[in-house]
Amino acid sequence: VVLLLPHGYEGQGPEHTSARIERYLQLAAEDNIQVCQPSTAAQYFHLLRRQALRRWRKPLVVFTPKSMLRHPDASSSLEEFSRPRFLPVIPEPELDRAERVLVCSGKIGHELRRERKQRKDASTAIVFLEQSYPFPEKELAGELERHRAAREIVWVQEEPANMGALFYVLPRLERIAGGRPVRSVKRSASASPATGSPKAHELEQKTLLTLAFTTGKS
C-alpha cells in the first residue's frame with residue numbers, strides 16, 4: 001500500500017499547504033508504517049522500487065512536493081537513478097567540517113541550499129531527512145559525526161511550531177547530537193496550517209530562511 005499526500009508551503013493558502021505530517025508521525029509505532037518525504041526524482045524512484053521489492057512491506061506514506069515537481073533542484077541525473085538504493089538521509093555533499101548543521105525535509109532543503117549559495121556560506125551543512133519513520137538513527141548519527149566540529153544542530157521546517165515533524169524529530173536529534181545544542185527554526189504556532197496571503201507567506205518564508213542561518217550564532 002502506498003499513500004501519496006501533496007505537501008509543501010507554496011503561498012496558496014491553508015488547504016493547499018499541509019498533509020498533516022504530524023498526525024502520521026503520531027500514529028507511527030511498532031514499525032506499523034513508513035513515513036517518507038523524498039526530495040528528488042531519483043529518491044522517489046528508489047523509494048517506490050524499495051517498496052515493491054522488499055519483503056518487509058508495511059504501508060508507505062509519501063509526502064510529495066508540488067512546486068518541486070518540475071523544478072531543476074529536484075531533478076536527478078541518470079547516475080543518481082542507477083544508485084543501488086533509497087537513502088533515508090542525504091548527506092551534505094560539499095562540506096566535510098561544518099560549523100553548523102541544518103537538518104530538514106522536503107522543499108525547504110532546496111531553498112536552504114539556494115540561500116546558502118546567495119550568502120556564500122561555507123560553514124553550514126544541510127542534511128536532508130528523507131525518511132522520518134522508522135527513524136534512520138544510525139545514518140543520521142553517522143552524518144552528524146562527520147561534522148563533529150559543528151557547534152550546534154538546527155532542525156528547520158516550514159510548518160508552524162505545533163505542526164510538522166518538530167515534536168517527533170527534536171528529541172531524537174538531541175539523543176544523537178553528542179551533547180551539542182539542538183535548536184529549531186519554524187513558523188510560530190498557529191491554529192491554521194498557513195496564511196491565506198501570498199505576501200505574508202513570502203515574508204514568513206524569507207524570515208524562516210534568514211533565521212536558519214543566523215539563529216544561535218554569536
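Residues are counted from 1 along each chain as its sequence is written, and side-chain values rest on heavy atoms, with hydrogens and water left out. In this prediction, local features need pLDDT of at least 70 and side-chain atom pairs count only at pLDDT 80 or more, while totals for chains, interfaces and linings use all residues.

**View 1. The largest pocket and its lining.** Here is a space of about 430 Å³, lined by 32 residues. Pro38, Ser39, Phe63, Thr64 and Pro65 are the lining residues that lie nearest its centre. Strand S2 (34–36), helix H2 (41–53), strand S3 (60–64), helix H4 (107–119) and strand S8 (152–160) each give two or more residues to this lining, and S8 gives the most, with five. By class, the lining holds 16 nonpolar, 12 polar and four charged residues. A pocket is found on a 1 Å grid over the protein atoms alone, as an open set of points where a 1.4 Å probe fits, with protein on both sides within 12 Å along at least five of seven lines; lining residues have an atom within 4 Å of a point. Grid points are joined across faces, edges and corners, and the volume is the space filled by probe spheres set on the points. Helices (H or I, at least four residues) and strands (E, at least two) are DSSP runs, numbered from the N terminus. Ala, Val, Leu, Ile, Met, Phe, Trp, Tyr, Cys and Pro count as nonpolar, Asp, Glu, Lys and Arg as charged, and the others, Gly among them, as polar.

**View 2. The second largest pocket.** The lining splits into five nonpolar, five polar and four charged residues.

**View 3. The four-stranded open sheet.** Follow the strands in the order S1-S3-S2-S7, and note that the pairing is mixed; two strands pair if DSSP finds at least two bridges between them. At the edges are strand S1 (2–6) and strand S7 (131–133), each pairing on one side only. From one strand to the next, the twist averages 20 degrees. S2 and S7 run antiparallel and are joined by two bridges, with Cys36 having Gln131 in S7 as its bridge partner.

**View 4. The five-stranded open sheet.** Strand S5 (residues 100–104) runs parallel to S8, and four bridges link the pair. Look for Arg100 opposite Glu152 in S8. S8 also contributes five residues to the lining of the largest pocket.

View 5. Two packed helices are described by the angle between their axes and the distance between the axes. Axes are lines fitted to C-alpha atoms, for helices over the stretch in contact, and angles run from 0 to 180 degrees between N-to-C directions. Helix H5 (residues 137–146) and helix H6 (residues 166–176) pack at about 55 degrees, with axes 10 Å apart, and are therefore oblique to each other. H4 and helix H7 (residues 198–214) have axes that come within 10 Å and cross at roughly 65 degrees, which makes H4 roughly perpendicular to H7. Angles under 35 degrees count as roughly parallel, over 145 as roughly antiparallel, 65 to 115 as roughly perpendicular and the rest as oblique. The crossing of H5 and H6 is right-handed, and H4 passes H7 in a right-handed crossing; that term applies if the near helix is turned clockwise from the far one by less than a right angle.

**View 6. Two backbone details.** Most residues other than glycine have a negative phi, and most peptide bonds are trans. The peptide bond from Tyr133 to Pro134 is cis, with omega near -10 degrees, and Pro134 sits in the loop between S7 and H5. Arg20 has a positive phi, near 65 degrees, and belongs to the loop between S1 and helix H1 (21–27).
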